[in-house]
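Trainee: I am new to this structure and would like to go through some of its residues with you. Could we look at it together?

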Amino acid sequence: MTTQTTLAQPHPEDYSHIEPLPDPPREPDMVQRKSLSTLDGTLGPHFAAFDDVLLTGEIYVRIDKADARELAPDFIFARQVSDPERVIRRNGYVISEVGKPPDLVLEVGSRSTGRRDYTAKREGYAALGIREYWRFDPSGGEYHDRPLAGDALIDGEYVPIEIVVEADGRHRGYSEILELELCWEERTLRFRDPASGQFLLTPQELYDRAEEEHADRMAAETRAGTAETRAREEEAARLAAEARMAEMEEELRRLRGE
C-alpha cells in the first residue's frame, strides 16, 4: 500500500471494513522520485497550520469504488478533507467518499508517461472536476510539451494558465488553489509566495538552515562560555593581586615596627 502524507487530523472511526485499492503500476525514474519528495517536503511545512489539507499522491482518483479508471496523479492537493484517514486506508482518492474532487493534481514528466500526461490525463482530470492540473517536466520539455504548464477548470473544460518565461529561463505560473507561484528553475520545481517574493524552502534548505542555526547556537554558547571563563579568570587575578598587595602592606608595617 502506498505511504501517504496528511496534514489533517485522523477521524475517530473504524476503518477495518475499508477494502484498499491496488497500488497503481509505476516505475518512476530517479529524477521523478526526487521531484515528488521535494514537493511533499516543501508544501507540507507551508500548509502545516491547516488541519483540513491533504497532501498525497501516486494513488488512484476515482468517482466511486466501482470506478475502474486508471488515473493516478503523482501529487494530489485537497482542502476541506474532513476524514483524510479514509483516503489513506482506501489507498485511493474516492470522490464519493471524500465528498469533493481534489482541488489540484500535478504530474512530473518521465520518459515513459510524459506524452500521456498532457493528452489523455488532461482530459481525464477535467472529467473528474479537478480545478487545477499542473505539469512539471524536469527535462525542460523533452518528456512533456513544455517545462511547466497549468490548466484551470472553467465550465467543465481546462483553460491554460498563463506561464511567464523570464529572461533567465525561469518559467512561472500562479496557482489560485495554492496561492503560490510554481516555478521551473534549472530543472527544479520551486514554489514562491508572490506576496513576499520569497521561495518556500526545500527539504534540503530546511535542513541546511537548521544546521546553520544549530552551529550559530553552539558558537554563541561557546562565546558565552569563553566570556564567563575570562570573567572568572580576571576576578581570580584581581583577588590574587589584592591579596599580594595586602601581604606587602603587612610586611612594610612589620618592618616599620608598627
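Trainee: Is Phe50 buried, partly exposed or exposed?

Mentor: This is a predicted model in which local features need pLDDT of at least 70 and side-chain atom pairs count only at pLDDT 80 or more, while totals for chains, interfaces and linings use all residues. Residues are numbered from 1 along each chain as its sequence is written, and side-chain values use heavy atoms, with hydrogens and water left out. Buried means under 20% relative accessible area and exposed over 50%, with partly exposed in between (1.4 Å probe, protein chains only). The relative accessible area of Phe50 is 37%, so Phe50 is partly exposed.

Trainee: How many aromatic pairs are there in the whole structure?

Mentor: Rings of Phe, Tyr and Trp (its six-membered ring) pair if their centres lie within 6.5 Å; planes under 30 degrees apart count as stacked, over 60 as edge-to-face and the rest as tilted. A search of the whole structure gives a number of aromatic pairs, and that number is 4.

Trainee: What is the angle between the planes of Tyr125 and Tyr133?

Mentor: Tyr125 is buried, with a relative accessible area of 0%, and Tyr133 is likewise buried, with a relative accessible area of 0%. Their rings form an aromatic pair that is edge-to-face, with 4.9 Å from centre to centre and an angle between the planes of 70°.

Trainee: Which residue has its charged end over the ring of Phe50?

Mentor: A charge sits over a ring if NZ of Lys or CZ of Arg is within 6 Å of the ring centre and within 35 degrees of the ring normal. Over the ring of Phe50, at 5.1 Å from its centre, sits the charged end of Arg79.

Trainee: Which side chain does the side chain of Ser139 make a polar contact with?

Mentor: Ser139 is buried, with a relative accessible area of 13%. A polar contact is a pair of N or O atoms within 3.5 Å; within protein, one must be able to donate a hydrogen and the other to accept it, and residues adjacent in sequence count only if both atoms are side-chain atoms. At 2.6 Å, the side chain of Ser139 makes such a contact with the side chain of Asp137.
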